[in-house]
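Here is a friendly note to read alongside the structure. Keep the picture open and follow the points one at a time.

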Amino acid sequence: MANWVRVASVQDVGIGTAREAIAGERIVALYNVEGQIHAMEALCPHQGGPLGQGKLNGRVVTCPWHGWQFDVTTGQHQANPRLRQPCLPVKVEGDDIFVDVSE
Ligand code: FES
């Protein structure tokens with residue numbers, strides 16, 4: 001069953017930017033790709049870097065610690081096809097962004 005948690009306002013995540021947010025007991029990374037909000041698990045699988053503080057270039061975020069890159073719409077690592085960062089379902093209602101943290 002879905003567990004939608006409000007994590008931010010749409011205006012908090014400008015187009016082309018990334019942001020960290022708290023969702024219950026988790027940290028999630030939010031991205032705005034051309035007006036569409038996406039969410040991923042915020043801790044980089046390399047050494048736990050903050051993917052929500054990374055620089056977003058198109059659909060690709062770069063981890064600020066050592067430069068691993070992920071497609072934020074799929075979680076796919078850009079160099080290792082076996083590595084995929086979990087993405088979280090997102091919905092927007094009015095000005096509010098919700099993330100499903102049930103998984
Ligand atoms: S912690 Fe993200 S690339 Fe190292």
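1. Let us start with one pair of facing residues. Lysine 55 stands opposite threonine 62, which belongs to strand E6. Please keep in mind throughout that you are looking at a predicted model.

2. Now look at the strands around that pair. E5 and strand E6 (residues 60-62) run antiparallel and are joined by 3 bridges. They belong to an open sheet of 3 strands, ordered E5-E6-E7, with antiparallel pairing. At its edges are strand E5 (55-57) and strand E7 (69-71), each of which pairs on one side only. On average, neighbouring strands of this sheet are turned by 25° against each other, direction ignored.

3. Next, step back to the whole protein chain. How many helices and strands does the chain have? The count is 0 helices and 10 strands, and along the sequence the pattern reads β-β-β-β-β-β-β-β-β-β. The radius of gyration is 12 Å, close to the 13 Å that the globule rule gives for 103 residues, so the chain is as compact as a globular protein of that length. Its C-alpha trace spans about 35 × 30 × 20 Å along the principal axes.

4. Then there is the inside. Of the 103 residues in the protein chain, 31% are buried. In soluble globular proteins, nonpolar side chains tend to be buried together. Here, the largest nonpolar core has 26 residues, and Val7, Val28, Ala29, Leu30, Ala39, Met40 and Leu51 are those with the most contacts inside it. Several strands each supply at least two residues of this core, among them strand E1 (4-9), strand E2 (18-23) and strand E4 (36-41). Which strand gives the largest share? That is E3, with 4 residues.

5. Leaving aside neighbours within four places in sequence, alanine 29 is in contact with Ala18, Glu20, Ala39, Met40, Ala42, Leu51 and Gly52. For the chain as a whole, take the contacts between residues at least 6 apart in sequence: 42% of these join residues at least 24 apart.

6. Why does glutamate 41 count as partly exposed? Being buried takes 20 or more C-beta neighbours within 10 Å, and glutamate 41 counts as partly exposed because it has 17 inside that distance. Beyond four places in sequence, its contacts are Val28, Gln85 and Pro86. Glutamate 41 and isoleucine 27 are 14 residues apart in sequence, and their C-alpha atoms are 7.0 Å apart in space.

Note on methods
Residues are numbered from 1 along each chain as its sequence is written. This is a predicted model: local features need pLDDT of at least 70, side-chain atom pairs count only at pLDDT 80 or more; totals for chains, interfaces and linings use all residues. The radius of gyration is taken over C-alpha atoms; the globule rule is 2.2 Å times the number of residues to the power 0.38. A residue is buried if 20 or more other C-beta atoms lie within 10 Å of its own, exposed if 12 or fewer, and partly exposed in between; C-beta atoms are placed from the backbone. Two residues are in contact if their C-beta atoms, placed from the backbone, lie within 7 Å. A nonpolar core is a set of buried Ala, Val, Leu, Ile, Met, Phe, Trp, Tyr and Cys residues joined through C-beta atoms within 7 Å. Two strands pair if DSSP finds at least two bridges between them. Axes are lines fitted to C-alpha atoms, for helices over the stretch in contact, and angles run from 0 to 180 degrees between N-to-C directions.
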